[in-house]
Every structure is written in structure tokens, then in C-alpha cells.
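Open the model in your viewer and keep the sequence panel beside it. The tour moves from the whole chain to single side chains.

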Amino acid sequence: MAEIIEMPKLSDTMTTGTLVNWLKQEGDSVSAGDMICEVETDKATMEVECFEDGVILKHYAKEGESVAIGQPICAVGEKGEEAPAVEAGGGASSDDSGKSAKESESKAEPAKEPESSKEPKEAPKSEETKGEKEDKQPKAEDAQKEEAKDASDDEDAKADAGDDKDVKVSPLARKLAKEKGLVLSMIKGTGPGGRIVRDDVLKAEKEGTAKPQPKQAPAAAAAGPAAPFIEEKTIPVTNMRSSIARALVGSKTQAPHFYLQIEVDGKPITDLRAALNHKLSNLPAEQGGVKFTVNDLILKAAAEAVRRVPAINREWKGDKIVQHGGVQLAFGVAIDDGLLTPVIRDAHAKSLRQIAFEAKDLIGKARNKKLKPNEMSGSTLTVTNLGMFGISDFYGIINPPNAAILSVGATVKTPIVDENDNITIGYRMKVGLSGDHRVIDGAVGAQYLQALKDILETPSVMLV
């Protein structure tokens, strides 16, 4: 009997999955353990495993389609077996319903002929009638042309008359005034009832009392809205973007954020990184070769600072606060359509080299959407770094259920006052902290930032 494969729950917060790609097509043989499709969850793109042996009988979901958890995506059975019919709301329907549907289709009446097609066709005209029509046609056309011409002349006359259209004037006087460019309303009529006559026009021309006002230049056309520089489009909300929105809105509305910032001398870690990479970056991996980034040193320092101020490593549980014994360090990775926060497990117990290798591996998985749920959950502290984009300072939104997030800006070359009150060139990096005031207070956040500053400005302590 055919088995229906349903959309599995691939992460704790997943409600729907987008079927990205079918790895097995209809008619393909599958065995238990085979991967049949790729599904994008709210956090990553993952392969779905088949637990049946047989043949893919039917795909119920198309590539790119969003499917709720528990809804059927395909059927697996024996070759030649009919795939169960599935109702729109999910779940298999009875075979009878499927048959009924087919029967219903077969009994459907043919489409009725449109009413218009039933109307009797017009009888052909007799030759005589046709001839009469041809004789009358030119006359009708001539009449229409005359009417159109009269209407045009009338409109032209009104347009030429402008404000003079209601002035009493003889046809000759109107024509004469038009030729001389005089305004009739400015001419005093001496004819019956004040009607303007020919002599009135000539007199006005001679006396110069009816010259038209100079026409004003037409106003410049109003500038219309600028054409868009790029085609407007609507972007569908992905499962990942939807999850990010829910998590950050929840964090910002439920966790009372407070913000602290400290300025760190960035030159020591810059120098340390340069020295390490000078010695190690050209060696093969088996000989200890590694190339460190500034972020690797910051991650290591963030974990080390928790040793000095463990109260920063807490979590709000509603009726209690948990202080974690180890540092599960999350860090932000920007990808094309979202932001992921992979977690370095037990970062407090790992060397700078281990953190660098693990961070590089997690970044690669994040950008290829290959992170597994357990690689993105369970963090106790998060670091987000926008320094590579030239951002000097900012504050991140707390990554639930963490009590704090560090936001790291770029190291900037700037004038500073040294211990001898001389202005010199320095390298400064600003580190912000957003804290959940339900769990930690400002003093705890300040102590943690002070510890972090001390480590970053004497980074050799991270190597012991």
C-alpha cells in the first residue's frame, strides 16, 4: 500500500517549509535513507530523508511551494500502484472520491454555445437595396462632413473671439477687428443697441485704444514625478525572514533593552593579528597554518571576558534566572536573504585557533544554507560585527534567550590625546552592549565591557 510522506518538522520554530528542490522524481526508485528533496525552513535548507522502500508515485508539492508541517509532499509505493488522492487541505482522500471526481468530469455537459452565436444571421441585402445604399452613402457622408466643418468653424470663431464672443458686433466689424488684431470688448459700439460697426473698428485702430495685450509665454510644464531608476517588485517573505521578524519583534517588545558603549584601542589586536598571520598564514594546515580575522580575536576575547564577569552569561526563564556555566557563543552571519547566528560550542574552552577554524566552517555552512538546527540553537551570548562594512558604532537587538549582545564597529584612525596630553594618531574601535534589564543591570554590563576592553588591549592573554 502506498505511503504518503508528509512535510517534517525540521526545527523547533518551523511551521511551514518551502520545497526548494526535488532530488527524486516521480517514477524514481527510493530506499530507506535516501534523500528525496530539499526543504527551506525558517533557519536553513535541509534535505528530507525517505523512510520507505519503493517508487516515488506522485509529487503533491511543487518546487518553490510552501507546505505546512504534516501536509503531504509525495507518495511512495510499488511500481504501477496508483497514488492516493489528496484533498486540498491535506491528507489522503478515499479512492471513491477520486473516482467520483473523474466521473463528474466525464459527465460534465459540454459548454453551451454562446447566446450571441444563436442569433439568426442577417439576411443578405438584395442588389437593389445595396444600390440604394451606395447612392445614399455619399450624401450622408457629405452631410457629416458639412456638420463637422460647421462645428470646427464655430469652435475656431469662439476661440478667436476669446472674451469678445458675447459682444454685439456686425460680421464685417468682427472680421475687420480680427484682421487688425483688435479686441472687440475694448471698442465702443455706435451702432443700434451699442453694436460695433466697421467705423468703430477703424476709429479704435487709429486711436490705438483696442490693441490686444501681449500674449504671455506659456507656463513651463510642471515637472512630473521622476521615473523610477529600477523596476518595482514585490519580494515574498521567506520562512527565514518571517522567523527573524518574529524573533526580533519579540525581543524588542519583551526584553527591556539598555545600551552601553566603550571605546577600545584597536591597535593591539590589529598588530597581534598581523604578527600571527605573518608567521602562520603561509603554512599548510597540517603544520599549523591558519589565517586569523579580526572577528576571530573578538570572539575569543568575548568568551574570555565571560570568565571575569560570568553574570553576563544569563538567561531569563520567567520565574527564575539561569546563569550558564559555559559560553555557547553565537555570532551574526549575513547572507543574501537574512541573518543567521551559528553557535560555537564551549567557546570558553577553545583556543583562538579552534575558534577561528570553527567560525570559518560555520560561516561557510551558513552561506550555503547547510547549517543544522543544533548548530544554530542554545546560545548564551551573541556577537555581531559590522566593522567590515565601515560601521563605526551601533547597537544590536538581543538574540533571545541571551541576556546581552555585543555590537562591534570598525577600527577607525582618529586623533587622540595621549598620557602626556599630546595629540597623536590612534586606532579606536567602539563596542556596544545591549542588555536585557530583566536579567542583568547596567553595572554588570559595564563590568563586562571593561573586562573585554582589557583583554582586547592586551590580547596576548588570550594565547595562554
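Contact here means heavy atoms within 4.5 Å. Take contacts between residues at least 6 apart in sequence: 61% of them join residues at least 24 apart. This is a predicted model, in which local features need pLDDT of at least 70 and side-chain atom pairs count only at pLDDT 80 or more, while totals for chains, interfaces and linings use all residues. Residues are numbered from 1 along each chain as its sequence is written, and side-chain values use heavy atoms, with hydrogens and water left out.

**Whole chain**

Colour by secondary structure. The chain has 10 helices and 18 strands. Helices (H or I, at least four residues) and strands (E, at least two) are DSSP runs, numbered from the N terminus. Now show the surface. Its accessible area is about 28700 Å², and carbon and sulfur atoms account for 52% of that. Accessible areas come from the Shrake-Rupley method with a 1.4 Å probe; for residues, only the protein chains shown count as cover. Of the 464 residues, 36% are buried. Buried means under 20% relative accessible area, exposed over 50%, and partly exposed in between (1.4 Å probe, protein chains only).

**Stop 1**

Select residues 294-308, helix α8. Its 15 residues should span 21 Å at 1.5 Å a residue, and the end C-alpha atoms are 22 Å apart, which agrees. The expected span is 1.5 Å times one less than the number of residues. How many residues of α8 are buried? The count is 12 of 15, so the helix is mostly covered.

Next select residues 442-457, helix α10. Its 16 residues reach 22 Å from first C-alpha to last, close to the 22 Å expected. Buried residues here include Val444, Tyr448, Leu452 and Ile455. An α-helix has 3.6 residues a turn, so residues three or four places apart point the same way. What do the buried residues of α10 pack against? Show β9 (257-265), α7 (267-280), α8, β16, β17 and β18 (423-436) to see these partners.

**Stop 2: two cysteines**

Select Cys50 and Cys74. A disulfide is a pair of cysteine sulfur atoms within 2.5 Å. A search of the whole structure finds 0. Cys50 is in none; its nearest cysteine sulfur, that of Cys74, is 6.7 Å away. Cys50 is buried at 1% relative accessibility, and Cys74 is buried at 0%.

**Stop 3: salt bridges**

Show charged side chains. A salt bridge is a side-chain nitrogen of Lys or Arg within 4 Å of a carboxyl oxygen of Asp or Glu. By this rule there are 16. Side chains of opposite charge can pair when their charged atoms come close.

Start with Glu38 and Lys370, which pair at 3.6 Å, N to O. The bridge links distant parts of the chain: Glu38 sits in strand β4 (residues 35-40), and Lys370 lies 332 residues away in the loop between α9 (352-367) and β16. Lys370 is partly exposed, at 41%.

Now pick Glu40 and Lys369. Their closest N and O atoms are 3.3 Å apart, in another salt bridge. This pair also links distant parts, joining β4 to the loop between α9 and β16 across 329 residues. Glu40 is buried at 9% relative accessibility.

Move to Arg198. Its salt bridge is with Asp199, with the closest N and O atoms 3.5 Å apart. Arg198 is partly exposed, at 43%. Then select Glu263, Asp265 and Arg428, which are linked in a network of salt bridges.

**Stop 4: a surface patch**

Select Met388, Phe389 and Ile391. Together they form a nonpolar surface patch with about 330 Å² of accessible area. Patches are made of residues with over 30% relative accessible area and no salt bridge: like charges are joined within 9 Å, nonpolar side chains (Val, Leu, Ile, Met, Phe, Trp, Tyr) within 5 Å. Ile391 lies in the loop between β16 (381-385) and β17 (404-417). Ile391 is partly exposed, at 34%.

**Stop 5: Leu339**

Finish at Leu339, in strand β14 (residues 338-340). Leu339 is partly exposed, at 42% relative accessibility. Beyond its neighbours within four places in sequence, Leu339 contacts Met240, Ile244, Gly332, Val333 and Ala334.
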